[in-house]
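Q: I have a protein structure to read for the first time, and I would like to learn how to go through its features one by one. Could you guide me?

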Amino acid sequence: MIRSAKIEDLPYVVSLSKKENLSLGFIPKPAYESCVTGIKTGKRWSTVCNDKLFVCEENNQLVGFVMFSYGKIAKCNQIAIQQDARLFERGKALLSAAISHGNLRGIEDFACGCADDLPSNIFWKTMGWVRVGNRKGISHTNTWKETSKRTVNIYRYQTNSLFVNDFGLILPKENQTIAI
């Protein structure tokens, strides 16, 4: 079962992200909290958080999570399934929930990065994401500069909807019918 994360899920999410830090990189706990509350803390230009965290539950136990940022292009920041629960179906379900959330917000373009040396590249390709390029990795000391020697593959995924354009969701005017 996939659902939106709750504050009480964060110890699990932080723990799994630490176990998988070579694959995921580092995201601080307050960033996960912002995904749940929708509010960014600290000195920022905006307190609105457009990120979302979903968790995967099996037999009332958390087994994974996905974190997306939603802008004009939605970005998968992290996706992880714990070692003893890894199945493509769980990863696919997490991605599907995150993509559906984006579609409901009028977003059809999705991106992610995956280090070239990780087996996860097979997952992205299997899910239908297309490798469109690469860049150098970003070290933990600066999130804006490519300072790592590690190569990161860039993947893109696009969806199509009759009700979306570059300005977001198109809603009919009151008392107007749309023929489909």
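A: Let us begin with a helix, whose expected span is 1.5 Å times one less than its number of residues. Please keep in mind throughout that this is a predicted model.

Q: How many residues does helix H4 have, and how far does it reach from its first C-alpha to its last?

A: Helix H4, made of residues 88-104, has 17 residues and reaches 24 Å from its first C-alpha to its last, which is close to the 24 Å expected at 1.5 Å a residue.

Q: Which residues of H4 are buried?

A: The general idea is that an α-helix has 3.6 residues a turn, so residues three or four places apart point the same way. In this structure, the buried residues of H4 are Arg 90, Gly 91, Leu 94, Leu 95, Ala 97, Ala 98, Ile 99 and Gly 102.

Q: How many disulfides does the structure hold, and why?

A: In general, a disulfide is a covalent bond between the sulfur atoms of two cysteines. For a pair to count, the two sulfur atoms must be within 2.5 Å. The structure holds 0 disulfides. The sulfur of Cys 35 has its closest cysteine sulfur in Cys 49, but the distance is 4.9 Å, and therefore too far for a bond.

Q: Is Gln 78 buried or exposed, and what does its side chain join in a polar contact?

A: A residue is called buried when its relative accessible area is under 20%. Gln 78, which has its place in strand E4 (residues 74-81), counts as buried because its relative accessibility is 2%. Its side chain and that of Tyr 32 are joined by a polar contact of 2.5 Å. Leaving aside neighbours within four places in sequence, the residues in contact with Gln 78 include Ser 17, Leu 24, Phe 65 and Met 67.

Q: Where does Met 1 lie, and is Met 1 buried or exposed?

A: Met 1 lies in the segment before strand E1 (2-4), and at 54% relative accessibility Met 1 counts as exposed. Sequence and space can be read side by side here: Met 1 and Asn 59 are 58 residues apart in sequence and 9.0 Å apart in space, C-alpha to C-alpha. With neighbours within four places in sequence left aside, Met 1 is in contact with Val 55, Cys 56, Glu 57 and Glu 58.

Methods. Residues numbered from 1 in each chain as written. Predicted model: local features only at pLDDT ≥ 70, side-chain atom pairs only at ≥ 80, totals over all residues. Heavy atoms only, no water. Helix = DSSP H or I, 4+ residues; strand = E, 2+ residues; numbered from the N terminus. Buried < 20%, exposed > 50% of the residue type's maximum accessible area, 1.4 Å probe, protein only. Polar contact = N/O pair within 3.5 Å; in protein donor to acceptor, adjacent residues only side chain to side chain. Contact = heavy atoms within 4.5 Å.
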